[in-house]
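Welcome! Here is a friendly briefing to read alongside the sequence and the model.

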Amino acid sequence: MSAPTRIESTRVESDSLGNIEIAADRLWGAQTQRSLHYFSIGTELMPREMVQAYAWLKKACAEANHRAARMDGRQAALIAHVCDEILAGQHQDMFPLHVWMTGSGTQFNMNVNEVIANRCCQLAGTPLGSKTPVDPNDDVNMSQSTNDNFPTAMHVASGVGVTRRLIPAVKALHDAMAAKAVLWADIIRIGRTHLQDATPLTLGQQWSGYAAMLDGNLAEIDQALIDVWPLTLGGTAVGTGLNAPADFAQAAIAEIARLTDLPFHMVANRFAAQGGHNGLVRLSGALRTLAVTLTKIANDIRLVASGPRAGLGELILPENEPGSSMMPGKVNPTQCEALTMVAAQVMANDVAVGLGGAGGHLEMNAYKPLIIYNLCQSITLLTDGCTNFRRFLIEGTEPHRRNIAQHLDRSLMLVTALAPVIGYAKAAEIAHHAAVHDLTLREAALALGYVTAADFDRIVDPRRMIGPDG
């Protein structure tokens, strides 16, 4: 005999479309429940960063409405208390909505409104769904529309994520690479262009280039953030500010800036900010450029470290884990592989953000969840990728001095130093003669009689080839 089916306890809540059943222990309301039913697409949930951003936003709006005497002190205090609970990490399982929903984000805004209102009911000792003393629409959403608060939350989530997590991670990676550049300033290696031998440079010079690329990325991200700080809160439905007091936006945005300790301010033109999301598209582009830099660095490092005996083998990477299930002793450049996969995903995310940014119509862009999902994922992937790459690869990497010296000594392109003295044609002949007869450059030069031993040793000195003449 099978066990009886357990019937979950439910309650009934209502919205403008009527009644709907909700599990009794859930803090969300009718509109969230409808979204769960009609938009059960995929496994991707709305970013947790947006939950945090909305908690700051709703707390700021309640404070601004209270100051304007539109909301009583008890309601504002209850809303602020619940927002603080959310910011402390509570109630996270009460935000279950999928990314692939209405493109405005209305149901997610209502999810936040309903959770805050119902938690206020719990704190006040009133039934869930009673909308007393706090109503999700009339109180938590007072002076707002999803069309202005969702893009505001997008900017807050992006600005906080980039400044508090991504920038510190990139700076730490930069500093680790810059330290190696200083440490390895005197290690002369053979340069390579087209994957072929070229003239020498130091290992420190090579790595200083990597650090400088990251410097450029940080500057580009800082520049992109200029367009993230303006917030469109106060524009309500189409940018006109209908149903929002004239002083509401300034007060609420100033409070968001205070709560986050970031320079958020009112946008100059709400019609531009609500009809399109170019600032976030620009930020995504800066993240894509960072991904390009990280790909170049990771690919360079795994190529220079290849081997250890049948490749270039000029770097010794940390051995973090076995690299093969059948080849004993094999160790792979897995941190490089992970970082380049992260970078590939970020570049793909940027394509999605660009398509989303281009998808708006008239007074509102209906691709908001797509844009912020990809942006938040890119910020997280790049943050974690840079941190792991630094900790588990860069900091432990060492030069293989013997291999570097051998490659430098055998390189044919040191002959470049002879070209100004004996001419390009004769220098090229020496290089070809050395290659064909498996000779050193010195042996080939002396065999052809184009230079004396003393002159060769004086002119073909790698230490004199790592900077301008003179």
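## A first look

Thr-236 is buried, with a relative accessible area of 3% (buried means under 20% relative accessible area, exposed over 50% and partly exposed in between, using a 1.4 Å probe and protein chains only). The model is a predicted one, so local features need pLDDT of at least 70 and side-chain atom pairs count only at pLDDT 80 or more, while totals for chains, interfaces and linings use all residues. Residues are numbered from 1 along each chain as its sequence is written, and side-chain values use heavy atoms, leaving out hydrogens and water.

- As background, most residues other than glycine have a negative phi, and most peptide bonds are trans.
- Thr-236 has a positive phi of about 50° although it is not a glycine, and Thr-236 sits in the loop between β5 and α8 (248-260). Helices (H or I, at least four residues) and strands (E, at least two) are DSSP runs, numbered from the N terminus.
- His-91 also has a positive phi, near 65°, and is a residue other than glycine. You will find His-91 in the loop between α3 and α4, where His-91 is buried at a relative accessible area of 16%.
- Thr-132 and Pro-133 are joined by a cis peptide bond, with omega near 15°. Pro-133 belongs to the loop between α4 and α5 (136-140).
- Another cis peptide bond runs from Gly-307 to Pro-308, with omega about 10°. Pro-308 is in the loop between α10 and β7 (315-316).

**Salt bridges**

- How many salt bridges are there? The count comes to 19 salt bridges, each being a side-chain nitrogen of Lys or Arg within 4 Å of a carboxyl oxygen of Asp or Glu.
- Arg-26 and Asp-25 form one of them, at 2.5 Å from N to O. Arg-26 is partly exposed, its relative accessible area being 25%.
- Glu-85 pairs with Arg-119 in a salt bridge whose closest N and O atoms are 2.9 Å apart. This pair links distant parts of the chain, with Glu-85 in helix α3 (residues 73-87) and Arg-119 in helix α4 (residues 106-124), 34 residues apart. Both Glu-85 and Arg-119 are buried.
- Arg-282 meets Asp-227 in a salt bridge of 2.4 Å, N to O. Because Arg-282 lies in helix α10 (residues 278-304) and Asp-227 in the loop between α7 (203-225) and β5 (230-231), the pair ties together parts that are 55 residues apart in sequence. Arg-282 is partly exposed, with a relative accessible area of 43%, and Asp-227 is partly exposed too, at 29%.

**How the helices pack**

- Two packed helices are described by the angle between their axes and the distance between the axes. Here axes are lines fitted to C-alpha atoms, for helices over the stretch in contact, and angles run from 0 to 180 degrees between N-to-C directions.
- Helix α2 (residues 48-67) packs against α4 at an angle of about 60°, their axes 11 Å apart. That makes α2 oblique to α4 (angles under 35 degrees count as roughly parallel, over 145 as roughly antiparallel, 65 to 115 as roughly perpendicular and the rest as oblique).
- The α2 and α4 crossing is right-handed. A crossing is left-handed if the near helix is turned anticlockwise from the far one by less than a right angle, and right-handed if clockwise.
- On the α2 side the contact (heavy atoms within 4.5 Å) is made by Met-50, Val-51, Tyr-54 and Lys-58, and on the α4 side by Phe-108, Asn-109, Val-112, Asn-113 and Ile-116. These residues divide into 6 nonpolar, 2 polar and 1 charged. Ala, Val, Leu, Ile, Met, Phe, Trp, Tyr, Cys and Pro count as nonpolar, Asp, Glu, Lys and Arg as charged, and the others, Gly among them, as polar.
- The axes of α10 and α12 come within 11 Å and cross at roughly 30°, which makes α10 roughly parallel to α12. This crossing of α10 and α12 is left-handed.
- Among the residues that meet there are Leu-280, Leu-283 and Ser-284 in α10 and Ile-371, Leu-375 and Ser-378 in α12. The contact of α10 with α12 divides into 15 nonpolar, 2 polar and no charged residues.

**A closer look at Ser-378**

- Is Ser-378 buried or exposed? Ser-378 counts as buried, at 3% relative accessibility, and lies in helix α12 (residues 368-392).
- Leaving aside its neighbours within four places in sequence, Ser-378 is in contact with Leu-287, Val-346 and Asn-349.
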